[in-house]
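Dear colleague,

I am passing a structure on to you, and my notes follow below it. Please look through the structure before you read them.

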Amino acid sequence: MENAQRQGMSYHSAAVDLALWARLTLLVCLVFFSIGGYAQATPRDYAISPPRVSYTPDRSAAVVSISVTNQGGDARNPARIVVSEYQSGRVETIEPLPPLAADQTQEFSIQLPLGHLRGDGIISFKIEAGIDEFELANSPIARDNSQLFHIDRSDARGSSGDVSSSESTIPADARFGLHIPIVNLSIIFLEDGILLNESRYSSGDMLLALGLLTLALISLWLLSLILRLVFRRPPRFDVWQPPYAASNWQDPNSAEGRRQSWQFHAQNSSLGAPSAPDQLTVVKRLLDRRGVVLGGWRIKAMRTVQYDVYGRINRTEAVMPGKIISQLNSLARRAPRTANQELQKAIAPIAKRLSKQALGRVEKQNLMLPLALDIRFEGIAGEVRIQFELYHFRDSAWHLIDQWAPELGQPGDNVPEQFTFTLNGQLSGESKKEFKRRLPEEIAQLLAGLFYHHQAEVGAVPPTNEISNAEDFRKPRDAAWDGTPLDDETDPSALPLS
């Protein structure tokens, strides 16, 4: 019984082994058949070498020599070789291409009569081999089926022999190119790179060069920032100190003491609207020795300053560019010979630029706050002077009650001075658009008054600081600001001058 079971198991194992061998044999046969079928189905793949151009002994024709290689399967049908002009696409000649076996190479020499060619100088041509229904034009398999070359007709007339392919061929993957004769630079853009004077650079090389160029530009920019930080000019609106001397030993109740205490309250040269009866105010004017307004003075810098809603915590400052300063200095020189209306017309565009610069740094929630317009002047020492004038508001008019020119104690060749004007912010009920339209008009009026209003006549005698006694200082002047004589009964000694 056991022998029968063992014999049956052996028969079963043999049957299983036979089935496995049969399946393996079938699989191997299928693989071989597939490979054989694939080999039979492999299409042909023609490729041509770079053309070599030579000329016939009589230089009447160009001879183009190429090698055609079949890099695919056996070819069964003939094809053709087509030579055409590259720019116009006009076909010059067609040569038959017999079917080539796999890995077979055949040489071809094609003649192009030079008399039939159009144009002089360098003429570019395109040669194609085997472009048909098997190898479609512009398909990946047909990429190596075409090459570019050129014929130099002047070279053909003056030389004979072969022209090396490195000097006469253009790559087949060229898209377009240009030639700059001034610097003898030839640029040909390829599918995967660029050709510069026969030197080929791939896309990777171009990206690397672009990256290096970008890095160099960034490095130059950083270097310029460092140089500007190291060698930068001093601030355009530096700290300012009044140029007139202050004497602490002056009696505050004397005329000189009272004048000295007043001159630090002068902000600019304009008389504002009075805020109370019998108000006193002091102004300062910048003159030269002849009394010309701003004669010998020039504007050094300008800025607008505004503090935030919490007080003097955060300051918004806008320093005006040098172009605006130059335009204002030019207007100041022409002001004595310019009518007020013409001066305001010339100041209007400058005031718009000043307003735009000032509002460009102001935040929206701070538009209602006033702006301080600071103007820094600089005069030539010995040629300029500063005149202070003290006014009293009475009978609806400003009356001049005193004027003096302080002693300038500023060392050096230049005398600094500063005017400060206050500009209203956005008023209650005023829209942002109306505010932006009003602010340039206020700036234009201030600048026009600075350059033109109340100009002294040329040749006026400068005032003197010397007074005979206290009665001369207390005596009212003969002329008022509005031209009305002062009342002789008025005693300015009762005015709070200190």
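**Surface and overall make-up**

The protein exposes about 30400 Å², of which carbon and sulfur atoms supply 55%; accessible areas come from the Shrake-Rupley method with a 1.4 Å probe, and for residues only the protein chains shown count as cover. Please bear in mind that this is a predicted model, in which local features need pLDDT of at least 70 and side-chain atom pairs count only at pLDDT 80 or more, while totals for chains, interfaces and linings use all residues. Residues are numbered from 1 along each chain as its sequence is written, and side-chain values use heavy atoms, with hydrogens and water left out.

There are nine helices and 20 strands, taken as DSSP runs numbered from the N terminus (helices are H or I with at least four residues, strands E with at least two). Of the 498 residues, 37% count as buried, that is, under 20% relative accessible area with a 1.4 Å probe, protein chains only.

Leaving out residues up to four places away in sequence, I375 touches several residues, including I299, M302, F419 and L450, where contact means heavy atoms within 4.5 Å.

**A hairpin**

Strand 4 (residues 79-85) and strand 5 (residues 91-97) pair in the antiparallel sense over six bridges, pairing being counted if DSSP finds at least two bridges between two strands. The two strands form a hairpin with five residues between them, and G89 in the turn has a positive phi of about 80 degrees.

**Aromatic pairs**

The whole structure holds seven aromatic pairs, counted where ring centres of Phe, Tyr and Trp (its six-membered ring) lie within 6.5 Å, with planes under 30 degrees apart called stacked, over 60 edge-to-face and the rest tilted. F125 and F149 are stacked, at 5.5 Å centre to centre and 20 degrees between the planes; F125 lies in strand 7 and F149 in strand 8, so this pair ties together parts 24 residues apart in sequence. The ring centres of Y244 and F388 are 5.3 Å apart with the planes at 85 degrees, so that pair is edge-to-face, and both residues are buried.

Technical notes: Buried < 20%, exposed > 50% of the residue type's maximum accessible area, 1.4 Å probe, protein only.
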